[in-house]
Amino acid sequence: PPPSTTATAQPRPSPQRRRHSSGQIMIDIDGVEHATLFLNVYDIAPRLNRLVRLVTCGRSRWGLYHSGVAVYGAEYCYGGHPEKSTGVSVSVPRQVTGAKFRTSVLLGHTAQDPYEVRCAVAEIALDQPWEGRRYHPLSHNCNEFSAALAEHLGATEAPVPPWVNSFTSSWIVKNVLPCIERLQSSRLLTRLFRLEPVQPEVPGAPPFECHPEDAMEAWAKDSSRNGGAPRPMSMNAVLLEAAGVHKTRGGNAYRDGRTTAALEAYRKGLQALRNVRAAGGTEGESEPFLELRRSLRLNTAACLLKLSEALPDVSMSAGHAPHEARKEAEALCTAVLAEAPTHAKALYRRAVARRHLCELDGALTDAKAAVEAEPQSADVRAELAAVREALAAQKEEEKELARKMLGQPPKVPEPTM
């Protein structure tokens, strides 16, 4: 018989692997390097979970679990606190106090590099649903955050296993515990199963003492943990880096004439810094932090003033958009001047805002101080001239009003030659 012409199936080559400087195993998928995402699962109540496994002869994984998403040598998770700031935190993988590591579950892969991952984490961390005060152990917990973060990073091959959140989805929890929640059922569970607060931390993490643009290089030099890999950046450092990114994006948008987009970017940067300050620590007091915040505040004020010029300046009532924009710009500049009283840009932009708000005495004081601080600036000198011209016009209006009240004829302007 003639030889068979059926093609023999070739075995699919195994994906190429290499180790990233963070310790992360990188996999080549269709010519693009991907990082593997793992879900690290912890026993919050080891006694309860062990009892369930004993009763069911190991066939059930029902229990109380904490989880976090691990990628590039860092583990991101969500927890609760009473403050109005993000509840997202970062730790060394598999190192969480108050819980016992149980297992790692493959979630999928992401093509994002470490920088892009940190930006994505900062973006989801600043979303309102993930504020610490919105945490609820039954309806809005760490396991739901892990699923949301994995999806946000594009790792959707393997969803979070249902058993990880089995406690909150069980019938007894949904129907019984809410009824006794007023009796502080969480405290009852804590005493019964000896639960401890779960606190992801970065052990020995140094304070953030460099500019956000240098954060990656600064942390890459630190290889005292993780078998030679650098320690993960703290959540505060991640947020500071994100604030720097938003500042850069805002600057690019402003130069391109997209003032509204620039304003949005600068406000996101300030939001990131507010979360850093709320978390405490040395980052919120360092000079790089303060300088970055001053720059974002002044850039935001510049956008507000520029946008207010494009709006119809018909009414100066409190509810009018230009008025609100100028008042906000004035407040931002005042906040900068509280830290740096001779800051020329802050004085100049507050003078502009006050002149448009008809607060001319304050505008004159600011403009004079700005000229003293930066005498070579043509914009500052032009603003001082504009304030003086507005004051002169105001005085003429007051004189004209006085003539009308006294019944005198209006002043006839002198003819120009």
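At what angle do helix α13 (residues 360-373) and α14 pack, and how far apart are their axes? They pack at an angle of about 155°, and the axes are 9 Å apart. This is a predicted model, where local features need pLDDT of at least 70, side-chain atom pairs count only at pLDDT 80 or more, and totals for chains, interfaces and linings use all residues. Residues are numbered from 1 along each chain as its sequence is written, and side-chain values use heavy atoms, leaving out hydrogens and water.

**The chain as a whole**

- The protein chain has 14 helices and nine strands; these are DSSP runs numbered from the N terminus, with helices being H or I of at least four residues and strands E of at least two.
- Of its 417 residues, 44% count as buried, and buried means under 20% relative accessible area, exposed over 50% and partly exposed in between (1.4 Å probe, protein chains only).
- Among contacts between residues at least 6 apart in sequence, 65% join residues at least 24 apart; a contact means heavy atoms within 4.5 Å.

- Axes here are lines fitted to C-alpha atoms, for helices over the stretch in contact, and angles run from 0 to 180 degrees between N-to-C directions.
- α13 passes α14 in a left-handed crossing, meaning that the near helix is turned anticlockwise from the far one by less than a right angle (clockwise would be right-handed).
- The residues in contact include Leu360, Leu364 and Val371 of α13, and Leu384, Leu391 and Gln394 of α14.
- Helix α12 (residues 344-356) also meets α14 (residues 378-406): their axes come within 10 Å and cross at roughly 25°.
- α12 and α14 are therefore roughly parallel to each other, and their crossing is left-handed.
- On the α12 side, Tyr348, Ala351, Val352 and Arg355 make the contact, touching Asp379, Val380, Glu383, Ala386 and Val387 of α14.

**Aromatic rings**

- Look for six aromatic pairs in the structure; rings of Phe, Tyr and Trp (its six-membered ring) pair if their centres lie within 6.5 Å, and planes under 30 degrees apart count as stacked, over 60 as edge-to-face and the rest as tilted.
- Tyr42 and Phe101 form an edge-to-face pair, 5.7 Å centre to centre with 75° between the planes.
- This pair links distant parts of the chain, as Tyr42 in strand β3 and Phe101 in strand β8 are 59 residues apart.
- Tyr42 is buried at 1% relative accessible area, whereas Phe101 is partly exposed at 27%.
- Tyr65 and Trp163 are edge-to-face too, 5.2 Å centre to centre and 80° between the planes.
- Tyr65 lies in strand β4 and Trp163 in the loop between α3 and α4, 98 residues apart.
- Tyr65 is buried at 4%, and Trp163 counts as buried at 15%.
- Ring pairs also join Tyr78, Trp130, Tyr135 and Phe145 into a cluster.

**A charge over a ring**

- The charged end of Lys306 sits over the ring of Tyr254, 4.7 Å from its centre; the cut-offs are NZ of Lys or CZ of Arg within 6 Å of the ring centre and within 35 degrees of the ring normal.

**A buried loop residue**

- Thr86 is found in the loop between β5 (74-78) and β6 (88-91), where Thr86 counts as buried at 9% relative accessibility.
- Leaving aside residues up to four places away in sequence, Thr86 touches His81, Ala125, Trp130, Glu131, Gly132, Leu239 and Asn275.

How values were computed. Parallel < 35°, antiparallel > 145°, perpendicular 65-115°, else oblique.
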